[in-house]
Amino acid sequence: MANSPHSMHEKPLDFRAPPPSPIATGRRSSFANEEVLSEFLEHSLHVPDLILPDKVFPREKFIENPPRIDFQSLNSKESDSVSRILDSITTIGCFQLVNYGIPSDVIKSTLAVAAGIFGLPSEKRAAVTRSQEKAYGFEEVHWEEEEEDSELSEEFVWCRDECFKLEMEGIWPLQYSKFSEKMEALLMEIENVGEKILLVLKENSTRKSVFYEDDHHEVMSSVCYLYRHGRNIIPEDRRANSLRYDVIRMLIRGVDISHCLSLHVCDGASEFHVYSKKGWVSFCPDKDALVVTAGDQLRALSGGQYKHVIGRSIFEAEKEECISMAFLYSPPSMITTAITTSSLDKGNTISLTQQLVIAVFSTLLYHFLVYFYKKN
């Protein structure tokens, strides 16, 4: 009997998906596939190891102590002091000066009074904190919470500015007048020493044509950096990290006040560090010696003959805090050429931060170009 159309219409059509294609299920074949996949992922997703060269963070080099120059011998034509100064300031940018005529009692009494300025509470310091608009006052200090138990170093920049004097007398009315008088007297002695050294360098420079005077040009007056060195009570490993941070900070920031010479009062320091763009050296300063470092103006005046460096005293006292001073000396009759050349040098210099940004950008650009080339 034949099926009617109605019965054929009611019978559902049986459509089934085809069975999956057979694949190898053996352990050996599956393991081989995993190896290929793992190798592919390892090569395609591999992040290259970026290792910064050693020159990004210069290593410390201990050197023999710079020459010990008798200040009184600079007046003698038979002495070799001048040639030793020229050689040292050209190679490492500094030398030591003794018998410079400033009584030790004057320096010690000034340091004793200067220690009191770091006792001011933080709310009073805020009014005289350094900024881009204000070159003088307290340097703002940042630290991590894990180092709150340590006594950190502090900085204070002093100058002869009358407005700054009024601000300081407002927050430290009784003691600041005495402190300012001590600093003024010591600065006058320091300036006499600095003037004599510059005269010697001027007379013996191979670029004498650059050393001329312009009495109508005014340069920023000499200033003094005061440093309070905290007690060394932190562990050795954390101290090394702190010192490393200090080196990077000095190399990037430098000294933001242009100067000709820097005369460092660092009696009792365990080490003295000298930072430059090409390296970092340290030595043990002699007792009662001034460490003299060359500034940016001196390098410009000499046409690059003398090396511009930044000096820093290091103390390792565990029981008491120490105070050091760095006088940034600029003579009142400095030439315009020094300022102009110094500004040009700074404008043509690529900082460490800028170099890192350029390196990261170049790496990203390279990977993008490689990806784009493979895509096409």
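Visitor: Over how many bridges do β7 and β12 pair?
Guide: This is a predicted model, where local features need pLDDT of at least 70, side-chain atom pairs count only at pLDDT 80 or more, and totals for chains, interfaces and linings use all residues. Residues are numbered from 1 along each chain as its sequence is written, and side-chain values use heavy atoms, leaving out hydrogens and water. Strands (E, at least two residues) and helices (H or I, at least four) are DSSP runs numbered from the N terminus, and two strands pair if DSSP finds at least two bridges between them. β7 and β12 run antiparallel, and their bridges number five.

Visitor: Which residue of β12 is the bridge partner of L263?
Guide: Strands of a sheet pair through backbone hydrogen bonds. For L263, the bridge partner in β12 is F327.

Visitor: How many residues of β12 are buried?
Guide: Buried means under 20% relative accessible area and exposed over 50%, with partly exposed in between (1.4 Å probe, protein chains only). C322, S324, A326 and L328 point one way, I323, M325, F327 and Y329 the other, and all are buried. For β12 the count is eight of eight.

Visitor: Within what arc do the buried residues of α4 fall?
Guide: The buried residues of α4 (residues 104-114) are I107, T110, L111, V113 and A114. They line one face of the helix, because their arc, taken from the directions from the helix axis to the C-beta atoms, is limited when seen down the axis of α4. D105, K108 and A112 are exposed on the face turned away.

Visitor: At what angle do α4 and α7 pack?
Guide: In α4, residues including I107 and V113 meet residues of α7 including F179 and L186, contact being heavy atoms within 4.5 Å. Axes are lines fitted to C-alpha atoms, for helices over the stretch in contact, and angles run from 0 to 180 degrees between N-to-C directions. The axes of α4 and α7 are 9 Å apart, and the angle is about 145°.
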